[in-house]
Amino acid sequence: MRKTSLLTAIVLAAAISGAPQFAAAMGGSSPSDTSGSSQGSKPSNSKASKQKKKNDKSSSAKDFIDGYHAAYALIYDKDDYQGGIAALRTLQHDNNADVATLFGYASRKLGRYDDAKYWYDKALAADPKHALTWSYYGMWHAEQGNLLKAKDDLEQVRLICGTECKEYVALKEVIDGTRTY
């Protein structure tokens, strides 16, 4: 269920295009914000000023991506869930669906089911169509013994990405008892 390169492409595309949602998620101001003070001074229109702002945003996006990749590697590649959680905390982007989902997954793997539920709910509040979150949440429900709810989550995944996507297949296998995750 590795979507690192897809996530990277999406985040980079958003950073390059200056999408307002990305800027808000990164803690930056929206593109319509000006840097002028309330004293009535005009914002700088110089080429150097605009280039500096663009570089600041790119640097922030790169820092986020690098930090996310580091946490991702700790969790998925090294099974260091505690270390991954610590790395995710440094990102300070808890409302990002990918970050919250990774928090939830690591918490679930540590047996912290209440924490995992909190993070899955938070991820779905940020992005109700986040297929990976629905899949992991379904696995969480299956682990809790609630296969009916896991099947409801499987239906959500189907509606988002169909029956051939990795998220659907993995959750279906967990529900069928042919896979543990």
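In which helix is the place of Thr101? Thr101 has its place in helix H5, and the report below sets out from there.

This is a predicted model, in which local features need pLDDT of at least 70 and side-chain atom pairs count only at pLDDT 80 or more, while totals for chains, interfaces and linings use all residues. Residues are numbered from 1 along each chain as its sequence is written, and side-chain values use heavy atoms, with hydrogens and water left out.

**The protein overall**

The secondary structure comes to nine helices and zero strands, where helices (H or I, at least four residues) and strands (E, at least two) are DSSP runs numbered from the N terminus. Along the sequence the pattern reads α-α-α-α-α-α-α-α-α. Of the 181 residues in the protein, 39% are buried; buried means under 20% relative accessible area, exposed over 50%, and partly exposed in between, with a 1.4 Å probe and protein chains only. Among the contacts with a separation of 6 or more, 55% are between residues 24 or more positions apart, a contact being heavy atoms within 4.5 Å.

Thr101 counts as buried because its relative accessibility is 1%. Ser107 also lies in helix H5, and its relative accessible area of 3% makes Ser107 buried.

| Residue | Relative accessible area | Contacts |
|---|---|---|
| Thr101 | 1% | Tyr120, Ala123, His130, Leu132, Thr133 and Tyr136 |
| Ser107 | 3% | Ile85, Arg112, Asp115, Ala116 and Trp119 |

**Helix H6**

Helix H6 (residues 113-126) has 14 residues, which at 1.5 Å a residue should span 20 Å, and its end C-alpha atoms are 20 Å apart, in agreement with that value; the expected span is 1.5 Å times one less than the number of residues. Ala116, Trp119, Tyr120, Ala123 and Leu124 are buried in H6. Seen down the axis of H6, its buried residues fall within an arc of 135°, so they line one face of the helix; the arc is that of the directions from the helix axis to the C-beta atoms. The face of H6 turned away from this buried side carries the exposed residues Asp114 and Ala125. The cover over the buried residues of H6 includes helix H5 (97-109) and helix H7 (131-143).

**Helices H7 and H9**

H7 packs with helix H9 (residues 166-176) at an angle of about 5°, and their axes are 9 Å apart. H7 is therefore roughly parallel to H9, a term for angles under 35 degrees. In this packing, Ala131, Leu132, Trp134, Ser135, Gly138, Met139 and Ala142 of H7 meet Glu167, Ala170, Leu171 and Val174 of H9. By class, the contact of H7 with H9 has eight nonpolar, two polar and one charged residues.

**Two loop residues with positive phi**

Most residues other than glycine have a negative phi. Asp79, although not a glycine, has a positive phi of about 55°, and Asp79 is found in the loop between helix H3 (47-77) and helix H4 (81-91). Gln92, likewise not a glycine, has a positive phi of about 55° and lies in the loop between H4 and H5. With a relative accessible area of 69%, Gln92 is exposed.

Methods:
Axes fitted to C-alpha atoms, helices over the stretch in contact; angles between N-to-C directions. Parallel < 35°, antiparallel > 145°, perpendicular 65-115°, else oblique. Nonpolar A, V, L, I, M, F, W, Y, C, P; charged D, E, K, R; others polar. Lists of a residue's contacts leave out its neighbours within four places in sequence.
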